[in-house]
Amino acid sequence: MSEPGAGGQLSRRKFLTLSSAAAATLGITPLAANIPQSFAENRVSPDDYYAKLGVEKIINAAGTYTFLTAACMPPQVQRAVAQAALHPVRLKDLQLAAGDYLAKKLRCEGAVVTAGASAALTLATAACIASANSASPQEIPENVDKMKNEVVVQKAHRYEYDHAMLLCGARIKEVVTLEDYKRALSPNTVMTNFFNAAEAGPNGAQIDRETWLSVAHEHGVPCHNDAAADMPPIENLWKYTGMGFDLVSFSGGKGIRGPQNAGLLLGKKHLIDLAVANNNPNSDAVGRGMKVAKEQIVGMVAAVDWLLEQSDEKNQAEYMRLTEIIVNAVKGVPSMQTRVFMPPIANHVPHLLLSYDPSVVGITPQRVQEKLRQQRPSIELNPATGTSSRVGIPSDENTIVISTWMLQPGEAEIVARSLRAVLMNNHV
């Protein structure tokens with residue numbers, strides 16, 4: 001895999017090396033020739049329910065965001081999902097068989113397919129509450145206030161997904177320093193939660209991953225690692241369980257490219273067994289509403305099989321090739337400066353940063369974002385565009401941010417042409 005330079009920035013030499021197979025200079029081929037089939041078809045398929053429902057298809061130059069329906073599944077995963085839809089099975093049999101298969105593939109004791117990473121965090125919390133209290137699923141969350149129920153979290157790791165733990169009736173205990181952490185761990189502690197992506201960057205926590213894990217284990221407390229968006233690299237799927245984390249969550253519909261409503265909870269078998277006991281289709285369980293259908297379970301397994309056939313190095317080189325297509329298109333835009341940033345952990349893929357002076361070009365990045373969203377086909381840029389509020393991406397009000405790893409064939413050329421046209425004040 002290409003390694004980022006200082007601050008996650010890729011060198012120009014490495015950029016050019018990885019993208020040597022880039023397309024020829026833009027402007028030669030008519031735009032229509034580069035429109036993917038899904039946008040170019042004049043006749044609507046009878047099975048195209050986006051068209052039937054009037055839901056617009058987009059070009060995703062943003063990334064694997066939930067609100068943009070995350071990743072598209074590779075063809076072999078789509079085929080596996082379609083095949084699974086043809087026959088009923090016993091859901092528990094499928095869950096257990098899929099978990100055993102994935103645990104072997106991903107080098108851990110146990111695994112369960114969940115309804116996304118947030119559901120994995122809920123099931124992890126339920127498992128740890130059950131383990132600490134010998135509690136049955138029927139007691140969670142109703143009786144948890146009378147049990148051991150504390151989850152210790154660093155202040156820098158508090159996030160909107162705290163709700164996934166609170167669903168179980170857990171109480172979150174916040175710490176900042178290592179001494180805070182040691183004092184917070186008590187007989188009432190059932191779990192610690194580590195937000196993997198928050199360790200790096202200006203808002204990073206004071207306690208690193210290894211220290212967090214070792215202190216918890218010294219006190220006999222299980223550790224959960226929220227690594228939802230932390231693939232690639234592929235090795236992360238066994239790196240954190242290999243480090244000793246008792247439970248690790250991943251999103252299935254991001255870099256793994258499985259169904260969007262699927263995820264993985266990996267870890268120690270006795271805790272995974274308790275997570276399964278608190279999961280659907282058990283009716284009286286906190287996970288009952290977090291149903292994963294047979295198609296999504298099979299799709300998740302097929303996505304892991306597909307992923308293990310991939311190469312991080314080849315994938316990153318392709319993302320860079322697509323990125324240079326866009327870089328070439330904006331050459332000549334007054335005051336334009338380009339660089340590529342690779343987040344060190346979450347969404348560890350090239351992010352193109354296009355910085356310029358809006359007073360010279362005549363349009364702000366946020367206005368560019370709006371114009372590209374309004375055109376047909378509609379293009380979504382990374383939400384860090386025109387803002388410094390997105391954690392982990394060094395953007396500002398004068399920067400456009402683009403991620404190419406979710407682009408479909410032919411879409412990089414559309415993004416490049418459309419972006420240049422807007423910036424140069426041409427009609428798209």
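**Figure 1. Overall content of helices and strands in the predicted model.** The protein contains 16 helices and twelve strands, and the model shown is a predicted one. Of its 428 residues, 51% count as buried. Among contacts between residues at least 6 apart in sequence, 69% join residues at least 24 apart. The protein exposes about 19200 Å², of which carbon and sulfur atoms supply 51%.

**Figure 2. Close-up of the largest nonpolar core.** This core has 45 residues, and Tyr181, Phe250, Ile256 and Leu264 are those with the most contacts inside it. Helix 12 (residues 294–307) contributes the largest share of the core, eight residues. A second, separate core of 31 residues includes Ala61, Ala329, Ile363 and Leu381. In soluble globular proteins, nonpolar side chains tend to be buried together.

**Figure 3. Surroundings of phenylalanine 250.** Leaving aside residues up to four places away in sequence, phenylalanine 250 touches Ala117, Ala227, Ala228, Asp230, Asn236, Leu237, Tyr240, Ile256, Gly263, Leu264 and Leu266. Two of these neighbours, Ile256 and Leu264, are named together with Phe250 among the residues with the most contacts inside the largest nonpolar core.

**Figure 4. Helix 9 and the elements that cover it.** Helix 9 spans residues 209–218, and its buried residues are Arg209, Trp212, Leu213, Val215 and Ala216. The cover over these buried residues includes strand 3 (150–154), strand 4 (171–175), strand 5 (189–195) and strand 6 (223–226), together with helix 8 (178–184) and helix 10 (236–243). At the start of helix 9, a side-chain oxygen of aspartate 208 comes to within 3.0 Å of the backbone nitrogen of glutamate 210. After helix 9 comes glycine 220, with a positive phi near 70°.

**Figure 5. Valine 415 in helix 16.** Valine 415 belongs to helix 16 (residues 411–423). Its relative accessibility is 0%, and valine 415 therefore counts as buried. Not counting residues up to four places away in sequence, valine 415 touches Ile59, Ala61, Ile326, Ile379 and Leu407. The C-alpha atoms of valine 415 and alanine 329 are separated by 9.3 Å, although the two residues are 86 residues apart along the chain.

**Figure 6. A nonpolar patch on the surface.** Tyr49, Tyr50, Leu53 and Val55 make a nonpolar surface patch of about 470 Å². Within this group, leucine 53 is located in helix 3 (residues 49–53). Leucine 53 counts as exposed because its relative accessibility is 64%, where exposed means over 50%.

Definitions and conventions: Residues numbered from 1 in each chain as written. Predicted model: local features only at pLDDT ≥ 70, side-chain atom pairs only at ≥ 80, totals over all residues. Heavy atoms only, no water. Buried < 20%, exposed > 50% of the residue type's maximum accessible area, 1.4 Å probe, protein only. Helix = DSSP H or I, 4+ residues; strand = E, 2+ residues; numbered from the N terminus. Contact = heavy atoms within 4.5 Å. Polar contact = N/O pair within 3.5 Å; in protein donor to acceptor, adjacent residues only side chain to side chain. Patch = residues over 30% accessible without salt bridge, like charges linked within 9 Å, V, L, I, M, F, W, Y side chains within 5 Å. Areas by Shrake-Rupley, 256 points an atom, 1.4 Å probe, with all protein chains shown as cover. Salt bridge = Lys/Arg side-chain N within 4 Å of Asp/Glu carboxyl O. Core = buried A, V, L, I, M, F, W, Y, C linked by side-chain atoms within 4.5 Å.
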